[in-house]
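Please look through the structure below.

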Amino acid sequence: MSEKINGKTHVFGVIGNPIEHTQSPLIHQLFYEVTQYNGTYNPFYVQEGMLHKSIEGMKGLSIKGLNVTIPYKIDVMEWLDDIDPTAQIIGAVNTIVPCKDKLIGYNTDWIGLKMACSYHKIPLQGRDCVIIGSGGAARSAVVMCLEENVGSITLLNRTCEKADQLKREMQALKKDIPMYSGTLDQVDLVKSHSIAIQTTSVGMYPQENISPIIDEDFFQKVDFIVDIIYNPKETLFMKKGKEYHIKAVNGLSMLFFQALKAFEYWTDITLTTSQINRCLQRLETIIYHQTKNEKVNVNE
Ligand code: ATR
């Protein structure tokens, strides 16, 4: 355990509804322990209609930082004083940072994905990327790909119109990166040696026996898989990829790094590589030991 709560303890938390399955307190506690930081991180259940009051309460109570999860990532933007430009493009905020008397909204999901790719040595610059899905998580993935100057982006989604719409919107931001869109069976759109980023909830516990794509032509064209799901540890999509000797990583490191970036925003403390390794290994042990006996229900 890190220091006990006292008068100097900095208070953080996550707001959402439901909130009982959040893993964020566990992750931030690891940061506090490894850096000897005097902090406490709490889940806050925010009832429907109480979001504005909660944000005002954050100011009133001098809470040092809040994460925001489902269903408030979009609605919360209305009550903040300023929004980081990238969070604005993604259209969602998951981290609130107090700055003087203002509350600033950031999105660390895309940075978490970027840091996870870097941690696992998945090269992005100049590479062709295929993103499965076109919802909120896919938006973060597209923004990360644009920021990392990938070679091209192909969006595959169950509903083609949503993929087309996301492509149009994002293409306007960076015209020099070619973008394509189609349905999940349009595997012909995928370029050889692509990096696949799976952003849907398909294959998440308890529906572990489904995969958004099973076409073997797809897996023949992919070099790396990043699946944002972390429960189960290995999705069917990842399992399929491994049959084709594709390096596949799950969403736990993304979850970890989005939390780490929030911790950095709030405290200005940067963890060393060895501290990061220690925390991540510990998280893996706790989560996957826990899931053997007691299943974790949600991906945050
Ligand atoms: P999130 O914020 O987690 O991305 P979302 O915005 O609701 O959630 O997006 C969910 C994504 O998963 C969408 O791309 C959705 O496809 P549609 O646009 O066709 O709805 C995709 N998805 C969800 N359930 C799916 C399923 N059973 N098969 C295929 N795709 C699915």
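An oxygen atom of the ligand lies 3.0 Å from a polar backbone atom of Gly136. This is a predicted model, and the distances here are computed from it. A polar backbone atom of Ser134 is 2.9 Å from an oxygen atom of the ligand. For Ala137, a backbone N or O atom lies 2.9 Å from an oxygen atom of the ligand. The protein covers 63% of the 650 Å² of accessible area that the ligand has on its own.

Which residues are around the ligand? Gly133, Ser134, Gly135, Gly136 and Ala137 are among them. Asn157, Arg158, Thr159 and Lys162 also belong to the group around the ligand. The ligand takes up the space of the largest pocket.

Now turn to the loops. The table places some residues in them.

| Residue | Loop between |
|---|---|
| Gln36 | helix 1 (24–35) and strand 2 (39–45) |
| Val76 | strand 3 (65–68) and strand 4 (82–83) |
| Lys121 | helix 4 (109–119) and strand 7 (128–132) |
| Pro206 | strand 10 (194–198) and helix 7 (216–220) |
| Pro232 | strand 11 (222–227) and helix 8 (236–243) |
| Asn250 | strand 12 (247–249) and helix 9 (252–267) |

Start with Val76. Is Val76 buried or exposed? Val76 has a relative accessible area of 0%, so Val76 counts as buried. The cut-off for buried is under 20%. Val76 can also be placed relative to Gly91. The two residues are 15 residues apart in sequence. In space, their C-alpha atoms are 11 Å apart.

Asn250 comes next. Its relative accessibility is 12%, so Asn250 counts as buried too. What does the side chain of Asn250 reach? Another is the backbone nitrogen of Leu252, at 3.0 Å. Asn250 itself sits in the loop between strand 12 and helix 9.

Two peptide bonds deserve a look. The bond from Tyr205 to Pro206 is cis, with omega near 5°. Pro206 is in the loop between strand 10 and helix 7. A cis peptide bond also joins Asn231 and Pro232. There, omega is about 15°. Pro232 lies in the loop between strand 11 and helix 8.

Backbone angles also pick out Gln36 and Lys121. Gln36 has phi near 60°, a positive value in a residue other than glycine. For Lys121, phi is near 55°, again a positive value in a residue other than glycine.

Are Gln36 and Lys121 buried or exposed? The cut-off for exposed is over 50%. Gln36 has 61% relative accessibility, so Gln36 counts as exposed. Lys121 has a relative accessible area of 66%, so Lys121 is exposed as well. Gln36 sits in the loop between helix 1 and strand 2, and Lys121 in the loop between helix 4 and strand 7.

Note on methods
Residues are numbered from 1 along each chain as its sequence is written. This is a predicted model: local features need pLDDT of at least 70, side-chain atom pairs count only at pLDDT 80 or more; totals for chains, interfaces and linings use all residues. Side-chain values use heavy atoms; hydrogens and water are left out. A residue is near a molecule or strand if one of its heavy atoms lies within 4 Å of it. A polar contact is a pair of N or O atoms within 3.5 Å; within protein, one must be able to donate a hydrogen and the other to accept it, and residues adjacent in sequence count only if both atoms are side-chain atoms. Accessible areas come from the Shrake-Rupley method with a 1.4 Å probe; for residues, only the protein chains shown count as cover. On a 1 Å grid over the protein atoms alone, a cavity is a set of points where a 1.4 Å probe fits but cannot get out, and a pocket is an open set with protein on both sides within 12 Å along at least five of seven lines; lining residues have an atom within 4 Å of a point. A molecule sits in a cavity or pocket if more than half of its atoms lie within 2 Å of its grid points. Helices (H or I, at least four residues) and strands (E, at least two) are DSSP runs, numbered from the N terminus. Buried means under 20% relative accessible area, exposed over 50%, partly exposed in between (1.4 Å probe, protein chains only).
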